[in-house]
Amino acid sequence: MATSVRRAVLTLPAAPLGPENPLPALRPLDETHSVDERAKRDLPRDMARQIGYEPLRTLLPVRILDGYGRDRVSTDLDAIVIENDRLRATVLPGLGGRVHSLHHKPTDRELLYRNPVFQPADFALNGAWFSGGIEWNIGATGHTTLSCAPVHAGLVPAPDGGEMLRLWEWEPLRGLPFQVDLWLPDDSDFLHVGVRIRNPHQGPAPVYWWSNIAVPEDEHTRVLAPADEAWHFGYERSLRRVPVPEYDGADRTYPLRGQYPADYFYEVPREARKWITSLDADGRGLVQTSTDTLSGRKLFIWGAGRGGRRWQQWLTEPGTPGYAEIQAGLARTQLEHVKLEGYEDFSWLESYGPLEADPAAVHGTDWDAARAEVGTRLEQALPRAAVDAAYEAWLPYADNEPGERLATGSGWGALEVLRGAMRGGYELPGTPFDASMLGEQQAPWVELFTHGTFLKARKAEPPGPTQVAPHWRDMLETAPAEPLTEYHLGVTQWHAGDLAQAVRSWERGLKLASSRWPLLRCLAVADREDGNPERAADLYLEAFNDLCRERGEETVRAGADGESWTAATVALARESIAVLLAADRAGDGRRVWDRLSPEIRERGAFRLIEAQLLLAEGDKTAARAVFDAGFEVADLREGEETLNEVWSSLTDDPLPETYDYRMRPGD
């Protein structure tokens, strides 16, 4: 059959994403992938420099996604299928352009780990993420903020005369447009993926990219890459060079031979062909290869320990097989960002397909022979020269404008292009961001750009997202000093590192604001960051009191305030109680708790908060009873240790398996 690209529907048990958290993300969520400053002294200079290059200070302008639960219902997801007579790829444009499935028809094999459910979990930079398939990670260290976001999709001509699927979006953390072109030639066993990241700005920008591939895992799965050494990163936040394949008494190329979750970033020689593969007991599996620009390769394992197994169950359906991740990136490790000069771009081509090699060689004790066997079989299946030729064939098509539109992403790129037109416009052939993409969230910013004033909301609601690029800050500084304008201006100043000026803007806004809680919460965060926990606690309590005043005490207690206001109540209550407990003010924390609706208090995160309150009040028996009754914190953060910390404060009994998410030795 000739290659086809068509719309489809994928039906999965899915937990709804829920509303965005309306509180501006003035601090990044705790990111486990960071290195102690002292450890950087022993790293290669280029690696240390890139690890220290432009780390995130905030998550702005992105909002946190933490409104999901664990109740799944049958849900229809929009999909796009790319298919020839050899392969069938299923793509989810509404979920970051994730490749959900890559099915090899001649052998009737699924090459990826295909998650049977859609279950968000707190792994992305902004919260919600899900496991399985191939994910396109761009932005900063960690899973992209676009993991659960829609991207634009359309058809473009392919180099062989057929059709190609283009995914594109404006990456919000760094303000960079990118595209992913999926091209499946007729009669090919390999899906080609052309990627381009552009910097349309005058100055340089930090760039991060890792293609994250989930593959099935069992005791016989082996991951191979052309390397003799790797950089091991564990959740104790250390980075050290280790030999491949054996390290600390075990062959770490078998994912289940490690006890704890860990990353292995392979030292692939500069001149070597870039590839990574995961093969089963019979020597069969998936291989990924690319042109040399995408030089990094990585294996992530959950390990065989109880915590890693618990996370696997949490992210998918209990009783289904586990998975490991093989990845490819622009740098040696995921802790690094690479400089992209102004008006320049990075581009490369990746290829994904089946590989079959001699199992005796693949699983033998001779690592050199195993790598050589895979290298030979890959060269036979898809020569290195063919990948380079496919890249050169794709490049002239990268600028072609999409024809039929298959999916719509966000309007933030359209907003930036509208603003950029003031200075001659951005040159972005092939990735259109036109005015038809603008939506309700962009409307106040269009008003600010066109009329110099910030559009007031038509009804009482939490403030919308804040754009923080320097040009938006400049416009806010010259706009009339209304409370909402001062709120957004303070957020942009905070993001820029001008913390004192941000505080002054928020304090000015308070003088005339009818809705004070958003400003008070920002000031509370500022005090907390400045080392004033008692004043932060006062401000958080005042902010929560003001929210209840604005919405009405009975409305808040009944939980009858609509989705966006409930999200604001949940987010502000969680932050407030945490800060009040840290300040030894359990009584005030309890008063916040008592004003919440029964529905909110029954959520898993608030059951944990209840146990913490009871512990602070000295009632260990009641706190232990909360654990014994059972609860699930839907947005438990990767690497978070609160569950085991609270448990160990209550009892010397072993931590129950249902609460065991420990990811590092010594927990």
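How many residues does helix 17 have, and how far does helix 17 reach from its first C-alpha to its last? The views below explore a predicted model, starting with that helix.

**View 1. Helix 17 and its surroundings.** Helix 17 covers residues 604-616, which makes 13 residues, and reaches 19 Å from its first C-alpha to its last, close to the 18 Å expected at 1.5 Å a residue. Ten of the 13 residues are buried, so helix 17 is largely enclosed by the rest of the structure. Look for Phe606, Leu608, Ile609 and Leu613, which are among the buried ones. The buried residues pack against helices that include helix 14 (563-582) and helix 19 (642-650). After helix 17 comes Gly618, with a positive phi near 90°.

View 2

View 3. Seven bridges join strand 10 (residues 163-171) to strand 11 (residues 176-183) in the antiparallel sense. Find Arg166, whose bridge partner in strand 11 is Asp181.

**View 4. Nonpolar cores.** The largest nonpolar core has 86 residues, and Ile197 and Trp209 are among those touching the most other members. Apart from this core lies another, of 77 residues, including Leu23 and Tyr659.

Key:
Residues are numbered from 1 along each chain as its sequence is written. This is a predicted model: local features need pLDDT of at least 70, side-chain atom pairs count only at pLDDT 80 or more; totals for chains, interfaces and linings use all residues. Side-chain values use heavy atoms; hydrogens and water are left out. A nonpolar core is a set of buried Ala, Val, Leu, Ile, Met, Phe, Trp, Tyr and Cys residues joined through side-chain atoms within 4.5 Å. Buried means under 20% relative accessible area, exposed over 50%, partly exposed in between (1.4 Å probe, protein chains only). Helices (H or I, at least four residues) and strands (E, at least two) are DSSP runs, numbered from the N terminus. The expected span of a helix is 1.5 Å times one less than its number of residues. Contact means heavy atoms within 4.5 Å. Two strands pair if DSSP finds at least two bridges between them.
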